[in-house]
Amino acid sequence: MKKIEIKIEDYSATGSGVGRVEDLVYFVDKTVVGDKILAEIIKKKKNYAIAKKIDIIEKSPLRIKSDCKYFEQCGGCSFRNISYNDSLEFKKNYAKDILKKFADIKNLNIEIEGMYEPYYYRNHVQLKIKDKKIGYFNKQSNNIIDIDDCLIAPRNTREFIKVLKKYPNGFIEIGIRENNLGEYMIILVGKDEPKNLNTISQKLLEIGAKSIYFSKRRKNGHRYSDEITFLAGEKNFYDSFCDIKVKVSPKSFLQTNRIQAEKIYNQAINFLELKNIDTFTDIYCGMGIMTLMGAKLCKKGAGIESSKSAIADANFNKALNAIENVKFYAQKAEIYLERNKIDSKKIILDPPRKGCDKLVLDRIIDSNCEKLAYISCNVATLARDLKILKSSFEIKNLKLYDMFPFTAHTECIALLERK
């Protein structure tokens, strides 16, 4: 393949280095702004090319030695070759550029809140298993990077890896969940239920697992299949966010960074300034943590979510926390709002990466909503939606949170008030 010299000038939305040679944009993984590199072209299109770093001709003054021995091969992190503060600065500037370009937001003082200790922050990871290798995929292939520890995974991950390497037994994946008490749920994934599960389960219990499940190989991109079998330990597994106790199943969706998630949840509720005479609606509510938080402060709350299993979890958590003044609706937000009028003056929006359906935004604009807290994991779709909402709302505050340190992802929360 052809080799080329590239000067890295910026980062892409996914954290790859970006350079330009003869009016063609090149994306090169694991590079740093300021690097001059020798690269091999992997794929070339009309408007861009993807290249692989072969050698560093001149090191960027921002470049540091990675603290992870797997970083160059692993696809889990993007920014372990610059300081944590420099990664935060990039994320902040990237978000500000996107918000200015697509939503004309340029006068807000936007800051990012990082983590004091950005290590072992994930409370859920899924590791691939093949040929006695356990780890993550290489970013540019389906090859598994064999690891014995991970600096962003739950702390006890290394111990579980040791057991699975000793007893691979045909598994293709292991899921590890950690709750607020430092207890662990293990989900073993395989094509068919392997033999000797009792032996493996016992070994896992001995090193800290509290609940162990087996899931058949998943389909259609879901985390785990519907065919899940409880194996050992305690069947019921609980967690807590912002004093809301929740029951967790293998397929439950929870934010994977507890520390930052609790900051965001509290910020959203504080933005709304809920009082005991208020009603509020949580759109895209998931398993209802923020809905229940808000309901404790106001007259009544409502949560809307398309996932029936998430709504089942939300209703269970409602009873678990003895909170009665809230209702949950298992429908797509756009379908529910097409048939029902919003009667709440205060709303939380927390959509998936694709952002809100246009009908949802139109219904909010036409409602009596006075305050809106919009949480987003994708600044590009946030900017698109804020541009629409700006016709009726003023953006009073916008803050960024580093939900996934050492990756390119950023969580945003905006406060909007009716003009």
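User: How many bridges join strand β4 to strand β5, and do they run parallel or antiparallel?
Analyst: Eight bridges join β4 (residues 36–44) to β5 (residues 48–58), and the two run antiparallel. Strands here are DSSP E runs of at least two residues and helices H or I runs of at least four, numbered from the N terminus; two strands pair if DSSP finds at least two bridges between them.

User: What is the bridge partner of Ala 39 in β5?
Analyst: Lys 53.

User: What should I know about the source?
Analyst: It's a predicted model, so local features need pLDDT of at least 70 and side-chain atom pairs count only at pLDDT 80 or more, while totals for chains, interfaces and linings use all residues. Residues are numbered from 1 along each chain as its sequence is written, and side-chain values use heavy atoms, with hydrogens and water left out.

User: Back to strands: which ones make the closed barrel?
Analyst: Five of them, in the order β1-β2-β3-β5-β4, with mixed pairing.

User: Switching to cores. Which residues have the most contacts inside the largest nonpolar core?
Analyst: Leu 188, Leu 204, Ile 283, Leu 349, Ile 364, Leu 386 and Leu 389, in a core of 117 residues. Helix α4 (residues 258–272) gives the most to this core, with seven residues. A nonpolar core is a set of buried Ala, Val, Leu, Ile, Met, Phe, Trp, Tyr and Cys residues joined through side-chain atoms within 4.5 Å. Buried means under 20% relative accessible area, exposed over 50%, partly exposed in between (1.4 Å probe, protein chains only).

User: And the second core?
Analyst: That one is separate and has twelve residues, including Leu 24, Tyr 26, Ile 37 and Ala 51.

User: Which residues of helix α8 are buried?
Analyst: In α8 (residues 358–366) they are Val 360, Leu 361, Ile 364 and Ile 365. They sit on the same side of α8 because they cover an arc of only 135° around the axis, taken from the directions from the helix axis to the C-beta atoms.
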